[in-house]
Amino acid sequence: MKKIECTFYRPAEVNTRKFYDIVEKLKADLHTICNEEVSKEDVRAYAEKLILQAKPLKKNPEMYFLGLDEPNKMPSDARVDYFYMPTYLGTAIVMKAVMAYPDLLKEYGSVVQGLLLGCTGRGFKGHGFDDLKGLIETLRIFAEADCEGYLSNNPEGCTEFASLYRESMKILEKLFVAGQVCNEWGEDYTEAAKTVLDLYKSNLSR
């Protein structure tokens, strides 16, 4: 059984190298949690550490984030990479933990719902011409974590998140069927979209 430990933190000063490493660690840990044999207790402890570090957004306190700096201090591309991305990844880990330990919602329900709401802040999209690429990457994060399973078990949770997630999957499927999974520069994301849609359909069939 593989050990997993939360090392998430916010550097005292802006350091994009450290920011990058923190996000990559979250990505690796999410993949491990979703695809390898790990201790449920470790996952719970990991999720609790993330929940306790989530911060409400000043201009909308109902939204919680795991951003690595204040969003108003970041250019828009960095905001996607280092404000939203760690929030997506951390929230996916929290959802996996809640599916194993539903009592986490009793202890931290408002923060968990706040994280889900925070994830909707930019419609899951990437920055600028990378909006579609970012959307696919975000949907893959949640599909890998069986977000649909979480939403089915908690239908009275964050309805904004549930609607955005399911509608985004429908949009992606329409683009895929039409053979139009590409950005304005013609970069093709068909294979990435297929992976996401296959994951999503697999989750639906469970």
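User: Which residues lie nearest the centre of the largest pocket?
Analyst: Keep in mind that this is a predicted model. In it, the largest pocket holds about 480 Å³ of space, and 25 residues line it. β1 (55-57) and α3 (76-100) are the elements that give two or more residues to that lining. Nearest the centre you'll find Leu57, Asp69, Glu70, Pro71 and Phe83.

User: Which element gives the most to the lining of the second largest pocket?
Analyst: The second largest pocket has a volume of about 360 Å³ and a lining of 18 residues, with Lys27, Val80, Asp81, Met85 and Glu137 nearest its centre. Three helices, α1 (16-35), α3 and α5 (131-144), each supply at least two of the lining residues. The top contributor, with 5 residues, is α3.

User: What is the orientation of α5 relative to α8?
Analyst: Start with the axes: those of α5 and α8 (residues 190-204) come within 9 Å of each other and cross at roughly 30°. Angles under 35 degrees count as roughly parallel. So α5 and α8 are roughly parallel.

User: Which residues of α8 does α5 meet?
Analyst: α5 passes α8 in a left-handed crossing. From the α5 side, the residues involved are Ile136, Leu139, Arg140, Ala143 and Glu144. The contact as a whole divides into 8 nonpolar, 2 polar and 2 charged residues. On the α8 side, the partners are Ala192, Ala193, Thr195, Val196, Leu199, Tyr200 and Asn203.

User: How are α2 and α4 oriented to each other?
Analyst: Here the axes of α2 (residues 40-53) and α4 (residues 103-119) come within 10 Å and cross at roughly 30°. The cut-off for roughly parallel is under 35 degrees. That is why α2 and α4 count as roughly parallel.

User: How many residues in the contact of α2 with α4 are charged?
Analyst: The crossing of α2 past α4 is left-handed. The contact is made by Arg44, Glu48, Ile51 and Leu52 of α2 together with Asp103, Leu104, Glu107, Tyr108, Val111 and Val112 of α4. By type, 6 of these residues are nonpolar and none is polar. The charged count is 4.

User: At roughly what angle do the axes of α1 and α2 cross?
Analyst: The handedness of this pair is left-handed, with α1 passing α2. The axes of α1 and α2 come within 12 Å. They cross at roughly 145°.

User: Which residues of α2 meet α1?
Analyst: Lys25, Leu26, Asp29 and Ile33 are the α1 residues in this contact. Taking both helices together, the contact divides into 5 nonpolar, no polar and 2 charged residues. From α2, the residues are Val43, Tyr46 and Leu50.

Terms used
Residues are numbered from 1 along each chain as its sequence is written. This is a predicted model: local features need pLDDT of at least 70, side-chain atom pairs count only at pLDDT 80 or more; totals for chains, interfaces and linings use all residues. Side-chain values use heavy atoms; hydrogens and water are left out. On a 1 Å grid over the protein atoms alone, a cavity is a set of points where a 1.4 Å probe fits but cannot get out, and a pocket is an open set with protein on both sides within 12 Å along at least five of seven lines; lining residues have an atom within 4 Å of a point. Grid points are joined across faces, edges and corners, and a volume is the space filled by probe spheres set on the points. Helices (H or I, at least four residues) and strands (E, at least two) are DSSP runs, numbered from the N terminus. Axes are lines fitted to C-alpha atoms, for helices over the stretch in contact, and angles run from 0 to 180 degrees between N-to-C directions. Angles under 35 degrees count as roughly parallel, over 145 as roughly antiparallel, 65 to 115 as roughly perpendicular and the rest as oblique. A crossing is left-handed if the near helix is turned anticlockwise from the far one by less than a right angle, and right-handed if clockwise. Contact means heavy atoms within 4.5 Å. Ala, Val, Leu, Ile, Met, Phe, Trp, Tyr, Cys and Pro count as nonpolar, Asp, Glu, Lys and Arg as charged, and the others, Gly among them, as polar.
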